[in-house]
Amino acid sequence: MNYFTIFASLNNIEDIDCKISDVFSKGFTVEKNEDEYLIKSKALFNKYKLIIRVMSEDTNPEYFANNIPGMMGFYNSIPFEDDNLKELVLTQISVLNTVIAIESEKEIKDEQMQLFTNLLSVIGGIGFVPNGTLLDKEGEVIVYPDGQSGPTNFRPYACTQKVRGQEVTSEEGHQRKNKTIAYLKEKGIPYTDSLPQLPPIEACQFKTKEDIARRAAALLIVIQFACDVAQGENVEESRDFFISMLRKYEVEDILTDKERAFLYRQQPNAQEAINISWQYEAYWTLIWVLGFVDKLDFPDEVCDCEYAIQVISNCETFEQFYFQTTMRSQEEILDEADKIYRLHWACVDNRIQNRTAPAGINESIVVERRRGLFWLIGHHNEDWDTISMDT
């Protein structure tokens, strides 16, 4: 198959259906099945067909979580001849929320490319050619894969619903970002200036101490069940026990939809159990915020799981646990969130470049700490199960 991809930042994708139909109105049949379009040419000779798939960040969050960091890393690694253009490209990638992926069963020729750039023009955004060349919305080259600039005077565009990255800045965020970068430099860890600031304290939606304590108690219990599943223990006995623990600490209603589905599924998935077990590291950030952990050490070794369990299991009731908590300052929490955000970028960049993780960073620890810290600060007001991991 041959590919051409359109990336865009759109408030909604409702009108894409009409735009595809308009571009392929002459000489083609267009069949739609949910978010996929089958385009067939009506020509007597040299017939060909195209498949167009439309994805948005709302409907396909995993695609964006898995692919946008890679795209960011790829273009960050290219030696642009124009550093300002590089920053513009990285800014554009950071606000993408829509993908129109086009597959052609035959080699893409000038005729097809003209159709693709017509579609790019009416949708807006940037076009990605498999060799790494980026096109602007008029089909002009932004940058070639060797870093040479194209002829276009490119400027990034972000929809009003995608307000993030360099569009929201503050002196507080600037100082926090520089403090983290100084820390990364000291440890010899790569970083990028293009990674946006986190919002200032007044723009965050910090969780309350009670919310954090209840989330911590519910999460620990689910993690223990997941560990039993992963180790092949009797699922029914384990489920009954941990449901009783949820009720003992009065946190059964705190479970997320994903946790609840896992807990009550007749045959829990082993890989999902392993994934949830890693959330010990997210739980560790919660009990750090609540004063049970002195500091968040560098993320190269897993947390002390035995101690993590005892923090709550030594208490007979949720109230007994809650009365022992001491909340950390919002400044400390946001500092750690900024640090883990930039450490995550370093992990992704090194993975893309197939390099050894700097300073022995464990990316799985970083990801879960980021889940906990970003939930704590209310980043984009995302739920625990849907914390975005874009870098």
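This is a predicted model: local features need pLDDT of at least 70, side-chain atom pairs count only at pLDDT 80 or more; totals for chains, interfaces and linings use all residues.
Visitor: What should I know about the model before I start?

Guide: Residues are numbered from 1 along each chain as its sequence is written.

Visitor: How many helices and strands does the chain have?

Guide: Both are DSSP runs numbered from the N terminus: helices are H or I with at least four residues, strands are E with at least two. This chain has 14 helices and 8 strands. Its C-alpha atoms fill a box of roughly 75 × 50 × 35 Å along the principal axes. Among contacts with a separation of 6 or more, 70% join residues 24 or more positions apart.

Visitor: Which residues of helix H4 are buried?

Guide: Buried means under 20% relative accessible area, exposed means over 50%, and partly exposed lies in between, using a 1.4 Å probe and protein chains only. In H4, the buried residues are Gln112, Leu115, Phe116, Thr117, Leu119, Leu120 and Ile123. The helix covers residues 110-123 and reaches 20 Å from its first C-alpha to its last, close to the 20 Å expected at 1.5 Å a residue; the expected span is 1.5 Å times one less than the number of residues. Just after H4, Gly124 takes a positive phi of about 90°. Over the chain, buried residues make up 52% of the 391 residues.

Visitor: Which residues line the largest cavity?

Guide: Rolling a probe the size of a water molecule over the atoms shows where empty space is left. On a 1 Å grid over the protein atoms alone, a cavity is a set of points where a 1.4 Å probe fits but cannot get out, and lining residues have an atom within 4 Å of a point. Grid points are joined across faces, edges and corners, and the volume is the space filled by probe spheres set on the points. The count here is 1 cavity of 30 Å³ or more, and the largest holds about 30 Å³. Its lining is Leu219, Lys258, Glu259, Ile276, Gln279 and Asp385.

Visitor: Is Gln279 buried or exposed, and what does Gln279 touch?

Guide: Gln279 is buried, with a relative accessible area of 7%. It sits in the loop between helix H9 (270-277) and helix H10 (280-289). Beyond four places in sequence, Gln279 touches Leu219, Ile223, Glu259, Glu368, Arg371 and Trp384.

Visitor: Where do Glu250 and Ala359 lie?

Guide: Glu250 lies in the loop between helix H7 (235-248) and helix H8 (257-264), and Ala359 in the loop between helix H13 (330-352) and helix H14 (363-377). Neither is a glycine, yet phi is positive at about 55° for Glu250 and about 60° for Ala359.

Note on methods: Side-chain values use heavy atoms; hydrogens and water are left out. On a 1 Å grid over the protein atoms alone, a cavity is a set of points where a 1.4 Å probe fits but cannot get out, and a pocket is an open set with protein on both sides within 12 Å along at least five of seven lines; lining residues have an atom within 4 Å of a point. Contact means heavy atoms within 4.5 Å.
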